[in-house]
Amino acid sequence: MSVLRPMDKLPCLNKATILLVGTEDARMQQLADAMLREDCASELQVHLAKSLPLPSNGSRPRIDLIILVINLHSKYSFQIVEESLCHVDARFFLGKLCFLITGGKPNPCRAVE
């Protein structure tokens with residue numbers, strides 16, 4: 001188990017791998033299914049993980065994007081994401097990592113429609 005690094009493997013031609021990390025299996029699976037249904041010029045792979053670090057595995061593909069899923073109604077969800085950040089190389093924060101927040105209330109006064 002080690003730190004995930006963005007450049008530890010060579011990229012594959014026309015292939016992208018996304019890693020979803022979070023405690024909400026059902027929502028992450030829905031998101032993964034929605035991403036895979038989209039028509040895309042490249043082959044897309046989506047992997048799910050409850051937390052980081054991932055087990056050491058030489059056959060694991062290069063990870064191009066990490067999405068950390070946080071549920072605002074769960075302190076455990078926030079804690080898992082916070083602990084997982086320790087296992088992500090700082091270079092992922094340069095456009096290869098994002099946070100997805102779930103469980104928020106709809107805001108009737110939206111700045112963007």
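Which residues does Ile-66 touch, not counting residues up to four places away in sequence? In this predicted model, local features need pLDDT of at least 70 and side-chain atom pairs count only at pLDDT 80 or more, whereas totals for chains, interfaces and linings use all residues. Residues are numbered from 1 along each chain as its sequence is written, and side-chain values use heavy atoms, with hydrogens and water left out.

With contact defined as heavy atoms within 4.5 Å, Ile-66 touches Leu-4, Leu-19, Val-21, Val-88, Phe-92, Lys-96, Leu-97 and Cys-98. Ile-66 is also, with Leu-4 and Leu-19, among the residues with the most contacts inside the largest nonpolar core, which has 14 residues. A nonpolar core is a set of buried Ala, Val, Leu, Ile, Met, Phe, Trp, Tyr and Cys residues joined through side-chain atoms within 4.5 Å; buried means under 20% relative accessible area, exposed over 50%, and partly exposed in between (1.4 Å probe, protein chains only). Strands S1 and S3 are the elements that give two or more residues to this core, and S3 gives the most, with three residues. A second, separate core of eight residues includes Leu-20, Met-28, Met-35 and Ile-67. In a regular strand, side chains alternate between the two faces of the sheet.

Helices (H or I, at least four residues) and strands (E, at least two) are DSSP runs, numbered from the N terminus. Strands S1 (residues 15–21) and S2 (residues 43–49) run parallel and are joined by seven bridges; two strands pair if DSSP finds at least two bridges between them. Val-21 stands opposite Ala-49 in S2. Together with helix H1 (residues 25–37), S1 and S2 make a right-handed β-α-β unit. The crossover is right-handed if, with the strands pointing away from the viewer, the path from the first strand over the helix to the second runs clockwise.

In helix H2 (residues 75–84), the residues Ser-77, Ile-80, Val-81 and Ser-84 are buried. These residues lie on the same side of H2 because they cover an arc of only 95° around the axis, the arc being that of the directions from the helix axis to the C-beta atoms. The buried residues of H2 pack against S1, S3 (65–71) and S4 (97–102).

A disulfide is taken as a pair of cysteine sulfur atoms within 2.5 Å, and by this rule the count comes to zero. The sulfur of Cys-40 is 14 Å from the closest cysteine sulfur, in Cys-12, and is therefore too far for a bond. Cys-40 counts as partly exposed, at 46% relative accessibility.
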